[in-house]
Amino acid sequence: MLALGTSEFKAHIHVWDISHNTKVSSIPLPNSSLVYALKFSSNTRHLAAIALSKHFKQTIAVIDIQEQSIVAFTTLLHTLAYKIRDVEFYPESTSRLVTAGIQHLSLWKIGGKYMKAHCFDLTMTRYKEEAVSYTHLTLPTKRIV
């Protein structure tokens with residue numbers, strides 16, 4: 001399987017079965033103008049997409065390729081454009097995924113058409129003992145000189 005995201009007023013995701021040289025689907029993404037990250041689930045039935053809206057808000061969509069429908073979709077209202085750099089499904093899962101990027105790590109669970117996130121903002125202090133702090137957890141690390 002091969003997936004391609006477009007950059008246009010209403011972005012689309014095109015999916016091909018390259019072993020049979022056939023186009024499987026073309027799915028429009030709501031409120032999205034630029035698709036910049038795509039990742040298949042382990043069973044290749046689902047596809048996660050990270051995109052930007054025309055107002056530079058990040059969107060995350062999970063698509064069912066066989067049904068040609070959007071399983072879940074969310075728009076991140078309070079984040080920087082391109083903060084999320086990558087997405088990955090949990091192994092053997094189609095309802096959990098991880099997004100990572102610039103000082104960002106989120107664990108997502110899909111329930112119905114909605115996605116619920118457990119967000120972790122990663123911060124590194126510069127002059128004190130370095131620490132990676134999460135919403136619920138702080139892991140100190142020793143500074144190597």
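This note sets out numbered points on the predicted model, from its overall make-up to single residues.

1. Basis of the note. The structure is a predicted model, in which local features need pLDDT of at least 70 and side-chain atom pairs count only at pLDDT 80 or more, while totals for chains, interfaces and linings use all residues. Residues are numbered from 1 along each chain as its sequence is written, and side-chain values use heavy atoms, with hydrogens and water left out.

2. Confidence. The pLDDT, which is the predictor's confidence in each residue from 0 to 100, averages 80 over the chain, and 78% of the residues score at least 70. Contact means heavy atoms within 4.5 Å.

3. Secondary structure. The chain has zero helices and 13 strands. Helices (H or I, at least four residues) and strands (E, at least two) are DSSP runs, numbered from the N terminus. Of the 145 residues, 34% count as buried; buried means under 20% relative accessible area, exposed over 50% and partly exposed in between, with a 1.4 Å probe and protein chains only. Among contacts between residues at least 6 apart in sequence, 31% join residues at least 24 apart.

4. Strands in the order 1-2-3 form an open sheet with antiparallel pairing. Strand 1 and strand 3 (22-28) stand at its edges with a single partner strand each, so one side of each is left without a neighbour in the sheet. Neighbouring strands of this sheet are turned by 15° against each other on average, direction ignored. The axes behind this angle are lines fitted to C-alpha atoms, for helices over the stretch in contact, and angles run from 0 to 180 degrees between N-to-C directions.

5. Pairing within that sheet. Two strands pair if DSSP finds at least two bridges between them. Strand 1 (residues 2-5) and strand 2 pair over four bridges, and a hairpin joins the two through six residues. Gly5 stands opposite Ile13 in strand 2. Strand 2 and strand 3 pair over six bridges, and Val15 has Ser25 in strand 3 as its bridge partner.

6. His14. This residue lies in strand 2. His14 counts as buried because its relative accessibility is 15%. Its side chain makes a polar contact of 3.1 Å with the side chain of Lys23. A polar contact is a pair of N or O atoms within 3.5 Å; within protein, one must be able to donate a hydrogen and the other to accept it, and residues adjacent in sequence count only if both atoms are side-chain atoms. Not counting residues up to four places away in sequence, His14 touches Leu2, Ala3, Leu4, Thr6, Lys23, Ser25 and Ser26.

7. Strand 6 and strand 7 pair over seven bridges, and Thr59 stands opposite Thr75 in strand 7.

8. Nonpolar cores. A nonpolar core is a set of buried Ala, Val, Leu, Ile, Met, Phe, Trp, Tyr and Cys residues joined through side-chain atoms within 4.5 Å. The largest has 14 residues, and those with the most contacts inside it are Ile50, Ile60, Val62, Leu97, Trp108, Ile110 and Met115. Strand 5 (46-52), strand 6 (58-64), strand 7 (69-76), strand 8 (84-89) and strand 10 (104-111) each give two or more residues to this core. Strand 8 gives the most, with three. Apart from this core lies another, of 13 residues, among them Leu29, Leu47, Ala51 and Ile70.

9. Ile60 and Ala51. Leaving aside neighbours within four places in sequence, the contacts of Ile60 include Ile50, Phe73, Ile84, Trp108 and Met115. Ala51 is placed in strand 5 and is buried, with a relative accessible area of 1%. The C-alpha atoms of Ala51 and Tyr36 are separated by 5.7 Å, although the two are 15 residues apart along the chain. Residues touched by Ala51, not counting those up to four places away in sequence, include Leu29, Leu34, Tyr36 and Thr59.
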